[in-house]
Amino acid sequence: MIRSDEFYMHRALDQAHLAADMGEVPVGAVVVDAEGRIIGEAGNAPVVNCDPSGHAEILALRAAAQYQGNYRLAGCTLFVTLEPCMMCAGAMVHARLRRLVYGAAEPRTGMIESKANLLAQPWFNHAIEVQGGILAVPAKKCLKAFFAARRVDAER
């Protein structure tokens with residue numbers, strides 16, 4: 001059963017909150033197949049996993065690929081709470097995602113629309129449909145609360 005973009009983004013926000021509970025920057029992601037099933041989900045975990053590639057998007061794509069038994073995720077949609085970086089954008093192209101839906105823009109490192117439009121480059125042999133701004137307000141609130149709490153802790 002395919003549900004709304006907001007439904008799946010709420011699931012990604014759940015993953016972001018779990019990441020924050022572990023002390024990670026609260027970014028969450030879910031991969032949804034063409035039938036509307038969540039086949040991969042994750043929150044950020046580079047610190048916990050000692051892994052610089054431990055972004056929520058990468059971890060969710062890995063889980064989805066394992067689930068399907070194929071690294072190509074044709075027909076799938078990635079929902080992520082924050083605009084992806086260059087590494088994650090590259091992984092999405094390699095996975096052959098059909099669609100990317102993200103919440104908040106990332107003005108410093110966002111490579112989908114903020115700093116660059118990486119997915120729209122003509123040299124890629126695969127195009128991904130992009131929809132930004134879905135539940136951007138709660139995604140931003142989650143990030144701001146996390147960093148505000150860290151600043152308070154640092155002042156103690």
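Start with strand β3, residues 77–82. Six of its six residues are buried, so the strand is mostly covered. Buried here means under 20% relative accessible area; exposed is over 50%, and partly exposed lies in between, with a 1.4 Å probe and protein chains only. Strands are DSSP runs of E, at least two residues; helices are runs of H or I, at least four; both are numbered from the N terminus.

Before going on, the ground rules. This is a predicted model, where local features need pLDDT of at least 70, side-chain atom pairs count only at pLDDT 80 or more, and totals for chains, interfaces and linings use all residues. Residues are numbered from 1 along each chain as its sequence is written, and side-chain values use heavy atoms, with hydrogens and water left out.

Back to the sheet. What does β3 pair with? Strand β1, residues 28–32, runs antiparallel to β3 and is joined to it by four bridges. Two strands pair if DSSP finds at least two bridges between them. Strand β4, residues 99–104, pairs with β3 in the parallel sense, over five bridges. Look at Leu-78: in β3, it is the bridge partner of Val-31. Leu-78 also stands opposite Leu-100 in β4.

Next, the annotations. UniProt, in an unreviewed entry, places the feature "active site" at Glu-57. Such annotations may be inferred rather than shown by experiment; positions follow the numbering used here, and feature names are shortened. Glu-57 lies in helix α2, residues 56–68. Is Glu-57 buried or exposed? Buried, because its relative accessible area is 4%.

The unreviewed entry also places "binding site" at His-55, Cys-85 and Cys-88. They are spread over 34 residues of sequence, yet cluster in space, with a largest C-alpha distance of 9.3 Å. Of these residues, His-55 and Cys-85 are in the lining of the largest pocket. Cys-85 sits in the loop between β3 and α3. Cys-85 counts as buried because its relative accessibility is 16%.

Last, that pocket. A pocket is an open set of points on a 1 Å grid over the protein atoms alone, where a 1.4 Å probe fits, with protein on both sides within 12 Å along at least five of seven lines; lining residues have an atom within 4 Å of a point. The largest pocket holds about 530 Å³ of space. Its lining has 20 residues, and Val-25, Leu-82, Glu-106, Leu-143 and Phe-147 are the closest to its centre. Helix α4, residues 136–155, gives the largest share of that lining, five residues.

Definitions and conventions
Points joined across faces, edges and corners; volume = space filled by probe spheres on them.
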